[in-house]
Amino acid sequence: MSQELNQSNLAEVYKEKATATACQVAEFKTFEEAIPHIISLIKNKPACELLYEEDVEKGPLSPNGVPTRTERIVAAPEIGAYYEAFKKACDENGIKCIDKGLRNHLAGIDLGIALAEKGIAQSGTCMVNTSKEDTRLATMICEYAVLVLKKSDIMPTVVSMADELRNFMANNPTNYITFLSGPSRTADIERVAAIGVHGSLEMHIVLLEG
């Protein structure tokens with residue numbers, strides 16, 4: 001293991017690596033303290049592009065020539081005890097918060113939130129349990145993705161959590177795990193870099209104490 005990953009404060013290594021992958025990292029003591037930050041991300045981002053025809057109120061065309069959605073939508077499936085306080089904040093700010101039925105909103109979601117099971121300091125990666133479809137969709141079809149990670153869940157390398165991964169898959173062979181490192185990007189077509197083709201345009205990590 002490198003000297004960098006031997007240091008006791010893995011959170012500092014994680015932040016450095018995550019930032020290098022174009023993630024935006026913000027630290028808070030609790031999720032409740034992070035809620036205003038997440039709300040501001042939703043309110044300040046450009047209007048969500050409608051990726052196919054949907055019978056909703058439409059706003060001006062985006063720079064890509066695509067109709068935009070006037071309603072702000074955030075998807076927050078499986079965030080457990082955090083959901084009620086977060087939904088209340090969304091309601092107070094005129095934002096629609098959903099925790100299921102994401103297939104009905106495939107035309108575009110402004111922001112999706114998921115809980116990270118683990119973080120990998122070596123690469124600034126988040127490991128998310130995406131066994132349920134709504135969680136997979138929340139990290140794939142949203143324009144912005146927010147991953148919530150506790151500092152105590154940061155591991156030095158993916159090898160250091162090999163036993164946990166084996167146990168997770170052994171309990172149910174159909175389980176899904178997604179490793180996310182930065183916003184979606186590809187250069188498959190004529191080697192031209194494109195952002196957001198296979199996932200989010202921006203990835204934000206909310207790093208919590210504990």
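Alanine 22 counts as partly exposed, at 37% relative accessibility (buried means under 20% relative accessible area, exposed over 50%, and partly exposed in between, with a 1.4 Å probe and protein chains only). This residue is found in the loop between H1 and E1, where helices (H or I, at least four residues) and strands (E, at least two) are DSSP runs numbered from the N terminus. Alanine 22 has a positive phi of about 80° although it is not a glycine. Most residues other than glycine have a negative phi. The model described here is a predicted one, in which local features need pLDDT of at least 70 and side-chain atom pairs count only at pLDDT 80 or more, while totals for chains, interfaces and linings use all residues. Residues are numbered from 1 along each chain as its sequence is written, and side-chain values use heavy atoms, with hydrogens and water left out.

Glutamate 78 is not a glycine either, yet its phi is positive, about 55°. The place of glutamate 78 is the loop between E4 and helix H3 (83–92), and with 42% relative accessibility it counts as partly exposed.

For an overview, the protein chain has 5 helices and 14 strands. Of its 210 residues, 45% count as buried. Among the contacts in the chain with a separation of 6 or more, 69% are between residues 24 or more positions apart; contact means heavy atoms within 4.5 Å. The chain exposes about 11,000 Å², of which carbon and sulfur atoms supply 51%; accessible areas come from the Shrake-Rupley method with a 1.4 Å probe, and for residues only the protein chains shown count as cover.

Helix H1 (residues 10–20) comes before alanine 22. The buried residues of H1 are Leu10, Ala11, Val13, Tyr14, Lys15 and Ala18. Their cover includes strand E1 (24–28), E7, E8, E9, E10 and E14.

Four strands form an open sheet with mixed pairing, in the order E10-E7-E8-E11; two strands pair if DSSP finds at least two bridges between them. E10 and E11 stand at the edges with a single partner strand each, so one side of each is left without a neighbour in the sheet. Strand E8 (residues 125–129) pairs with E11 in the antiparallel sense over 4 bridges, and methionine 127 has phenylalanine 179 as its bridge partner in E11. Helix H5 (residues 162–171) lies across strand E7 (118–120), E8, E10 and E11, and runs at about 145° to E11. For such angles, axes are lines fitted to C-alpha atoms, for helices over the stretch in contact, and the angles run from 0 to 180 degrees between N-to-C directions.

Phenylalanine 179 belongs to strand E11 (residues 177–180) and is partly exposed, with a relative accessible area of 39%. Together with Val158 and Val159, Phe179 makes a nonpolar surface patch of about 270 Å². Patches are made of residues with over 30% relative accessible area and no salt bridge, like charges being joined within 9 Å and nonpolar side chains (Val, Leu, Ile, Met, Phe, Trp, Tyr) within 5 Å.

A hairpin is formed elsewhere by E2 and E3, with 5 residues between them, and glycine 65 in its turn has a positive phi of about 75°. Strand E2 (residues 58–61) runs antiparallel to E3, joined by 3 bridges, and leucine 61 stands opposite proline 67 in E3.

Charged side chains complete the picture. The structure holds 12 salt bridges, each a side-chain nitrogen of Lys or Arg within 4 Å of a carboxyl oxygen of Asp or Glu. One of them joins aspartate 110 and arginine 72 (3.7 Å, N to O). This pair links distant parts of the chain, 38 residues apart: aspartate 110 is in strand E6 (residues 109–115), and arginine 72 is in the loop between strand E3 (67–69) and strand E4 (73–75). Aspartate 110 counts as buried, at 0% relative accessibility.

Another salt bridge joins lysine 151 and glutamate 209 (2.9 Å, N to O). Lysine 151 lies in the loop between strand E9 (142–150) and strand E10 (154–155) and glutamate 209 in the segment after strand E14 (202–208), so the pair ties together parts that are 58 residues apart in sequence. Lysine 151 is partly exposed at 22% relative accessibility, and glutamate 209 is partly exposed at 41%. Both also belong to a network of salt bridges that links Glu12, Lys15, Glu27, Lys151 and Glu209.
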